[in-house]
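Open the model in your viewer and keep the sequence panel beside it. The tour below goes from one selection to the next and says what is there.

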Amino acid sequence: MAKKNARDTEEVKGEVNMSPMIDCCFLLLIFFVVNATQITVSKDPSVRMPSAITCNDMKDAKGCIVINIFKDYSKMDTDAQDKLRKNYKGRTDVIWGVSDNSKNVGYTEAEANLLTEYVTKEKERLKAKKMEDKDIKIYLRGDKDAPWERTCKAIKCAASAGVSNLVFGTLPAK
């Protein structure tokens, strides 16, 4: 019988299996992507914003309730008319528009009370997310040719719902 030398035995190298770690990283990545909420302001393409000499970018859209204010349907160009009809299920009498649960809802002059109810409901939804009243704001995106009375009525609806913080949407002057 031959004697075994230490040199004759094979060395076993230790290796770390990376597959479980990669799986764990992908699961964490998917978890954070799914749970991250993107804060965006819904912008209706039918609204042409006015420009202002002194305007600031809105730093935080968190807590914004967006109300789009339209000009008269008859004064819109064909492209804007098509977008309005498409976004509001063929309606041409819409003067205020909001995005409710990722669908567009339009209100007429006679439905101002429904706009107030919408703002109240959104305010309560934001308060349920632990937001304070001072952080909840109305973001008014008015068409530059919309009558002032429509904006004034939207402000009254917001005041009736208990929201007094207003932001007027404008574009920077060119």
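Two residues are in contact when they have heavy atoms within 4.5 Å. This is a predicted model, in which local features need pLDDT of at least 70 and side-chain atom pairs count only at pLDDT 80 or more, while totals for chains, interfaces and linings use all residues. Residues are numbered from 1 along each chain as its sequence is written, and side-chain values use heavy atoms, with hydrogens and water left out.

**The whole chain**

Start with a cartoon view of everything. The chain has four helices and seven strands. Helices (H or I, at least four residues) and strands (E, at least two) are DSSP runs, numbered from the N terminus. Read from the N terminus on, the order of elements is α-β-β-α-β-β-α-β-α-β-β.

Of the 174 residues in the chain, 33% are buried. Buried stands for under 20% relative accessible area, exposed for over 50%, and partly exposed for what lies in between (1.4 Å probe, protein chains only). Among contacts between residues at least 6 apart in sequence, 67% join residues at least 24 apart.

**Ile69**

Select Ile69, which lies in strand β2 (residues 64–69). Is Ile69 buried or exposed? Ile69 counts as buried, because its relative accessibility is 0%.

Now show what surrounds Ile69. Leaving aside neighbours within four places in sequence, Ile69 is in contact with Val47, Ile95, Trp96, Leu140, Arg141, Gly142, Asp143, Ala146, Arg150, Thr151 and Ala154. Pick Ala146 from that list and draw a distance between C-alpha atoms: Ile69 and Ala146 are 6.9 Å apart in space and 77 residues apart in sequence.

**Helices α3 and α4**

Next, select residues 112–128 for helix α3 and residues 148–160 for helix α4. Two packed helices are described by the angle between their axes and the distance between the axes. Here the helices α3 and α4 pack at an angle of about 50°, with axes 8 Å apart. The axes are lines fitted to C-alpha atoms, for helices over the stretch in contact, and angles run from 0 to 180 degrees between N-to-C directions.

How are α3 and α4 oriented to each other? They are oblique; angles under 35 degrees count as roughly parallel, over 145 as roughly antiparallel, 65 to 115 as roughly perpendicular and the rest as oblique. The crossing of α3 past α4 is right-handed, a term used if the near helix is turned clockwise from the far one by less than a right angle.

Show side chains where the two helices meet. From α3 come Ala112, Leu115, Thr116 and Val119, and from α4 come Lys153, Ala154, Cys157, Ala158 and Ser160. By class, this contact of α3 with α4 has six nonpolar, two polar and one charged residues. Ala, Val, Leu, Ile, Met, Phe, Trp, Tyr, Cys and Pro count as nonpolar, Asp, Glu, Lys and Arg as charged, and the others, Gly among them, as polar.

Stay on Thr116 in helix α3. Thr116 counts as buried, with 17% relative accessibility. Not counting residues up to four places away in sequence, Thr116 touches Cys157, Ser160 and Ala161.

**Salt bridges**

Now colour the charged side chains. A salt bridge is a side-chain nitrogen of Lys or Arg within 4 Å of a carboxyl oxygen of Asp or Glu, and by this rule the count comes to 10.

Go to helix α2 (residues 78–87), where Asp79 and Lys83 lie four residues apart, about one turn of the helix. They form a salt bridge, with the closest N and O atoms 3.3 Å apart. Asp79 is partly exposed at 46% relative accessibility, and Lys83 is partly exposed at 30%.

Select Asp72 and Lys75 next; the closest N and O atoms of this salt bridge are 3.9 Å apart. Asp72 is partly exposed, with a relative accessible area of 26%, whereas Lys75 counts as exposed at 59%.

Then move to Lys127 and Asp133, a salt bridge whose closest N and O atoms are 3.6 Å apart. Salt bridges that share partners also join Asp72, Lys75 and Arg150 into one network.

**Two loop residues**

Most residues other than glycine have a negative phi, and most peptide bonds are trans. Select Lys89, which is not a glycine but has a positive phi of about 55°. Lys89 is in the loop between α2 and β3 (96–100) and is exposed at 74% relative accessibility.

End at Lys130, in the loop between α3 and β5 (137–142). Lys130 has a positive phi of about 70° and is exposed, with a relative accessible area of 75%.
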